[in-house]
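Here is a note for a colleague who is opening this entry for the first time. Please read the points with the structure in view.

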Amino acid sequence: MTFTTLITGASSGLGAEMARQFAALGHDLALTARRTDRLDALKAEITAAHPQRRVETYALDVTRDEDVSAVFERAKGDFGRLDRVVVNAGLGKGAPYGKGSHYANRETITTNVLGAAAQTEAAMAIFREQQAGHLVLIASITALRGMPKSMTTYGATKAFVASLGEGIRSEMLGKPELDIDVSVLYPGYIRSEMNEKVEQKTKFMVDTDVGVRAMVEAIEARKPRAYVPAKPWVAVGAAMQVLPLKVVRKLL
């Protein structure tokens, strides 16, 4: 039976690279994003490289709850079932609080919190009906502690995503009749469109294909919780949770 993976925010960056790598592993793909021209180009690229793979694209703004539910249901109808949903769509905008740029923080909260909740609701409704599925939530290493300045809101939204995933996994542990796995990934610094304009050299940054390969391996292993890439982020993540905040802010 062909495995079907739905990825949101698949038009660029980590989402697009996950699509490429999952296709290479033999997955059929339902890809969503606001920018359908990029999705169409990605579909053409993947199907040229893997003609046996089925790839369908869907326009989706994850901040519109009714659209999220409709698109997920449409994708399920097109493929017959959804085996995995990767909640990946997100924004990285942000500004220090009290500086008059709350609009940027609000946009990120709307997409990363409300949008993630809507995606999770739609995915879990399908998985409960199927009595099986794999929910994957893309958090961030910045979710582990409070981040300063323009990263404050982004880190806080990813902490919500991480807690959301763990809460649902806790519920599923008490429901053995449902074969539903939940994975929360904490990517470290992986080069993507979201951070390509960052001029300063970022410690521990890895190229997109390298970082996403670690993400895909963790997802395929259905790890409940994974820092990716493991080196150095398992060690850094552990340190972040116990070090004083004044040290953490210098570490990253």
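Where is the place of Lys 149? Lys 149 sits in the loop between strand 5 and helix 5, and point 6 returns to this residue.

1. Basis of the note. This is a predicted model, in which local features need pLDDT of at least 70 and side-chain atom pairs count only at pLDDT 80 or more, while totals for chains, interfaces and linings use all residues. Residues are numbered from 1 along each chain as its sequence is written, and side-chain values use heavy atoms, with hydrogens and water left out.

2. Overall form. The chain has eight helices and seven strands; here helices (H or I, at least four residues) and strands (E, at least two) are DSSP runs, numbered from the N terminus. The C-alpha atoms fill a box of roughly 50 × 40 × 35 Å along the principal axes. A compact globule of 252 residues would have a radius of gyration near 18 Å, and the chain agrees, with 18 Å; the radius is taken over C-alpha atoms, and the globule rule is 2.2 Å times the number of residues to the power 0.38. Of the 252 residues, 48% count as buried, where buried means under 20% relative accessible area, exposed over 50%, and partly exposed in between (1.4 Å probe, protein chains only). Among contacts with a separation of 6 or more, 69% are accounted for by residues 24 or more positions apart, contact meaning heavy atoms within 4.5 Å.

3. Helix 4 with helix 5. The axes of helix 4 (residues 102-130) and helix 5 (residues 152-173) come within 9 Å and cross at roughly 15°, which makes helix 4 roughly parallel to helix 5. Axes are lines fitted to C-alpha atoms, for helices over the stretch in contact, and angles run from 0 to 180 degrees between N-to-C directions; angles under 35 degrees count as roughly parallel, over 145 as roughly antiparallel, 65 to 115 as roughly perpendicular and the rest as oblique. The crossing of helix 4 and helix 5 is right-handed, a word used if the near helix is turned clockwise from the far one by less than a right angle, with left-handed for anticlockwise. The residues in contact include Asn 105, Ile 109 and Met 124 of helix 4 and Tyr 154, Phe 160 and Leu 164 of helix 5. By class, this contact has eleven nonpolar, six polar and three charged residues; Ala, Val, Leu, Ile, Met, Phe, Trp, Tyr, Cys and Pro count as nonpolar, Asp, Glu, Lys and Arg as charged, and the others, Gly among them, as polar.

4. Two further helix pairs. Helix 3 (residues 65-79) packs with helix 4 at an angle of about 35°, the axes being 8 Å apart, and the crossing is right-handed. Among the residues that meet are Val 68 and Phe 72 in helix 3 and Ala 122 and Ile 126 in helix 4; the contact of helix 3 with helix 4 comprises six nonpolar, three polar and four charged residues. Helix 1 (residues 13-24) and helix 6 (residues 208-220) pack at about 60°, with axes 9 Å apart, again in a right-handed crossing. Including Leu 14 and Phe 22 in helix 1 and Val 212 and Ile 219 in helix 6, the contact of helix 1 with helix 6 has seven nonpolar, three polar and four charged residues.

5. Cis peptide bonds. Val 228 and Pro 229 are joined by a cis peptide bond with omega of about -10°, and Pro 229 is in the loop between strand 7 (225-228) and helix 7 (230-240). A cis peptide bond also joins Lys 231 and Pro 232, with omega of about 10°, and Pro 232 lies in helix 7.

6. Positive phi values. Lys 149, a residue other than glycine, has a positive phi near 55°, and with 59% relative accessibility it counts as exposed. Gln 131, which is not a glycine either, has a positive phi of about 65°; Gln 131 is found in the loop between helix 4 and strand 5 (132-138) and is partly exposed, at 45%.

7. Two single residues. Thr 110 lies in helix 4 and counts as partly exposed at 26% relative accessibility; leaving aside neighbours within four places in sequence, Thr 110 is in contact with Thr 63 and Gly 115. Pro 51 is in the loop between helix 2 (36-49) and strand 3 (55-59), where, at 65% relative accessibility, Pro 51 counts as exposed.
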